[in-house]
Amino acid sequence: MKYISIITLFIMLSGAIQAQHILSMEEAVNKAAQNSNVIRVVNASVLESKAEYAQTNAIFLPSIEASYTGISTTNPLMAFGSKLNQEILTQNDFNPSLLNDPDQTTNFATKIEVMQPLLNFDGIFQRSAAKAKMEASEFHQARTQEYVVMETKKAYMQLQLAIGAVNVLLKTREALFETLRITKNSFNQGLIQKSDLLAVEVRYTEVENQLQLAQSNVLNASNYLSVLFNDETFTLYQPADSLSLMNAPLDIKVFTEERPDILALGKALDAYESAYKADKMAFLPRLNAFGSFELYDDKFFQADANGYIVGAQLSWNLFDGSKKIGKVAKSKASFEKSKYELDQYKMESRSEFNRTNRLVQDAYNSVRLAKLAVEQSEESLRIRNNRYKEGLERTSDLLIAETQFAQKQLELNKAIFQYNYAQLYLNFLSK
């Protein structure tokens, strides 16, 4: 297909020569997959959910802290305790006057603390919820990638449709220009009235206006592709091929609940269920082991004395002002709500699939009838045009036939686009 005239119109409309690029549908899909901000956002969401899941490793792994503290004190209790930790107490330190009014005492302490969870029932279910959320984000990522592919193909076909409309109008304008020339000659010879000439001129102006709008649609479609590609230069793209009819719908598509978007909602339901169980498990006690190793000295970065502590703690929050009770009720409601939303989404998805399946058949029939209408209107225009050249046809009848032929061509292009998109959308819904 030749695009020389289209390029000229691009330049006229934009007011400046811009970079232009001939693009195939495969190239368009690849550019969108590599550069789409929509995909980048969902990829970041997946990384975010993976990081949240990694945080739940804390219910199995110990937490370790180290600190180094230096103090100088005359506080009786702190001074006595510091000397005791440094293992430098003498009999003289028990003198009541020194106990009550000690000299300045310096203490440097190195402390390493370890906390190891042993039993944390709510944490286990919180980890399950985080895992389900991570898996849901991965399914959402897969569905988003499929959506971007479909949307890119749709945008590419919209550009084909827009350019197809420009081509139809260019041919219409060319034919009208010839009709206008013949009409002017006939008027100059006194064979037709002024009103006939004006009617042709009005129709010619009308087509010029339609052509301007069609040119704008081409630029709009090209700009939308740039948005999908994250192309800030807004290159003027041209499809490598023209709009053509896809194969007839032969394969019967079957609705499946294994689609990534439905699976994502299923995982979201699992996450709500685990969160609900985690809130219920919060009523149970927690068991943690702990230990610390400490080094003391009265000199900086030395450690002549040391000690350790090892133990276990069973903690149980018996009542917190009904805060946990309210939290359990809320998580249960969220879980129930998620179940209803999943059921509703499945029903809507099945209904949309059935509607699109019927739409494919209807669109295919529309294409078939539109082709027939184009053929009939073209033959009608050919006959009337020949008769008009011989002075046997009225100008108004010729203009009606010309208008009808142009309209039927545009309708055929639109019918082909609608059928192709219906096929594309049905494939998307059946994955």
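Is Lys-50 buried, partly exposed or exposed? This tour of a predicted model begins by selecting that residue: Lys-50 has a relative accessibility of 38% and therefore counts as partly exposed.

Glu-138 and Lys-50 form a salt bridge, with 4.0 Å between the closest N and O atoms. The pair links distant parts of the chain, since Lys-50 belongs to helix H3 (residues 37-55) and Glu-138 to helix H6, 88 residues apart. Glu-138 is likewise partly exposed, at 30% relative accessibility.

Remain in helix H6 and select Asp-122. This residue is buried, with a relative accessible area of 5%. Beyond its neighbours up to four places away in sequence, Asp-122 touches Ala-278, Met-281, Ala-282 and Arg-286.

Now select Arg-203 and Glu-402, whose side chains meet in a salt bridge at 2.7 Å, N to O. Arg-203 lies in helix H7 (residues 194-229) and Glu-402 in helix H10 (residues 395-429), so this pair ties together parts 199 residues apart in sequence. Arg-203 is buried, with a relative accessible area of 6%, and Glu-402 is buried, also with 6%.

Finally, select Asp-298 and Lys-299, which form a salt bridge with the closest N and O atoms 3.7 Å apart. The whole structure contains 25 salt bridges.

How values were computed
Residues are numbered from 1 along each chain as its sequence is written. This is a predicted model: local features need pLDDT of at least 70, side-chain atom pairs count only at pLDDT 80 or more; totals for chains, interfaces and linings use all residues. Side-chain values use heavy atoms; hydrogens and water are left out. Helices (H or I, at least four residues) and strands (E, at least two) are DSSP runs, numbered from the N terminus. Buried means under 20% relative accessible area, exposed over 50%, partly exposed in between (1.4 Å probe, protein chains only). Contact means heavy atoms within 4.5 Å.
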